[in-house]
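Me: I have a model open and want to talk it through. Can you take my questions as they come?

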Amino acid sequence: MSDLFHKKVERSFVDSVFETMETVDRHIYQILTKRSSLMRHYLRRRYANGLTPDHIWCGVSVEDSSATARIEHLRTAPVAVRFLSIEPLLGPIGKVDLNGISWVIVGGESGPQARPMRLEWILDIRDLCARSGVPFFFKQWGGQTPKSGGRKLEGVEHSAMPGLLTEKGNHVVQMAS
C-alpha cells in the first residue's frame, strides 16, 4: 500500500504497474492518491484517446472541505470508474458535485491519536450520495483500532459498491495512499 503518484515514484515504475494492470484484467485495481493533479496528468498522457480500462478504478482521498479540489482533478481525468475515499473524515466536506463519481467510501481515523468524526458529516455525505445515485460505503467509525467503533451508521451497515464489481465478479486489488 503506497501512493503510486508520489513524487519519488519513478515514471518507469508507474508505467510498469499500468502495463501489468492492463494485461491482467481478471482483477479490479483501485488506485488511490492524494496527488490528484499528478494522476490526472499521467492518465491524460497514457489514455489520450480514451479511458482507463473498466477494471482499473482511480480515486482520490478527501479528508475535509480543504481537499475537495482533488474531486475535480479526478472528474477531469480519463477514468472509467472514479471513486472518493473520504477517510479519515476530519471535517465536513461541504457541497460537492458527485457527477461522474462511481463510488464513495467514508471512514473514521484509527490509532492511538485518532481524531473524532461527527455523525452529521457522515450523514451529509450519505444523503448526498443518495440524492446523486452514487453507491455509499461506510467503512468504519475508527477509534483506538480500525474496528473499535464498528461499521454501523444509525444501526445499518452501508456496503454499496459500484454495479460493475458485482456484475463482473472480479477480485479487488487495492493500491492506496
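Me: How many aromatic pairs does the structure hold?
Reply: The structure holds 8 aromatic pairs. Keep in mind that this is a predicted model.

Me: What does the pair of Phe83 and Trp103 look like?
Reply: Phe83 and Trp103 form a tilted pair, with 5.9 Å from centre to centre and 50 degrees between the planes.

Me: Where do Phe83 and Trp103 sit in the chain?
Reply: Phe83 is in strand β3 (residues 81-86) and Trp103 is in strand β4 (residues 103-107). They are 20 residues apart, and the pair links distant parts of the chain.

Me: Are Phe83 and Trp103 buried or exposed?
Reply: Both Phe83 and Trp103 are buried.

Me: And what kind of pair do Phe138 and Trp141 make?
Reply: Phe138 and Trp141 pair edge-to-face, at 5.5 Å centre to centre with 75 degrees between the planes. The angle counts as edge-to-face because it is over 60 degrees.

Me: How is Phe138 classed, buried or exposed?
Reply: Phe138 is buried, with a relative accessible area of 0%.

Me: Which residues form an aromatic cluster?
Reply: Phe5, Phe18, Tyr42 and Tyr47 form one aromatic cluster.

Me: Step back a bit. What is the overall make-up of the chain?
Reply: The protein chain has 5 helices and 8 strands. Read from the N terminus, the order is α-β-α-β-α-β-β-α-β-β-β-α-β.

Me: How compact is the chain for its length?
Reply: Its radius of gyration is 16 Å, close to the 16 Å that the globule rule gives for 177 residues, so the chain is as compact as a globular protein of that length. Along the principal axes, the C-alpha atoms fill a box of roughly 45 × 35 × 30 Å.

Me: How much of the chain is buried?
Reply: Buried residues are 45% of the 177 residues. The protein chain exposes about 9,100 Å², and carbon and sulfur atoms supply 51% of that area.

Me: What about contacts between residues at least 6 apart in sequence?
Reply: Of those contacts, 67% join residues at least 24 apart.

Me: How many charged side chains, positive and negative?
Reply: There are 23 positive and 19 negative side chains in the protein chain. The centres of the two sets lie 3 Å apart.

Me: New topic, Asn49. Where is the place of Asn49?
Reply: Asn49 is in the loop between α2 (36-46) and β2 (56-61). Asn49 is exposed, at 84% relative accessible area.

Me: Which residues does a cis peptide bond join?
Reply: The cis peptide bond joins Glu87 and Pro88, with omega at about -10 degrees. Pro88 lies in the loop between β3 and β4.

Me: Last one. What is phi of Glu154?
Reply: Phi of Glu154 is near 50 degrees, a positive value in a residue other than glycine. Glu154 lies in the loop between β6 (152-153) and β7 (156-157).

Me: Buried or exposed, that Glu154?
Reply: Glu154 counts as exposed, at 52% relative accessibility.

Terms used: Residues numbered from 1 in each chain as written. Predicted model: local features only at pLDDT ≥ 70, side-chain atom pairs only at ≥ 80, totals over all residues. Heavy atoms only, no water. Helix = DSSP H or I, 4+ residues; strand = E, 2+ residues; numbered from the N terminus. Rg over C-alpha atoms; globule rule 2.2 N^0.38 Å. Buried < 20%, exposed > 50% of the residue type's maximum accessible area, 1.4 Å probe, protein only. Contact = heavy atoms within 4.5 Å. Areas by Shrake-Rupley, 256 points an atom, 1.4 Å probe, with all protein chains shown as cover. Lys, Arg positive; Asp, Glu negative; His and termini not counted. Charge placed at Lys NZ, Arg CZ, Asp CG, Glu CD. Phe/Tyr/Trp six-rings, centres within 6.5 Å; stacked < 30°, edge-to-face > 60°.
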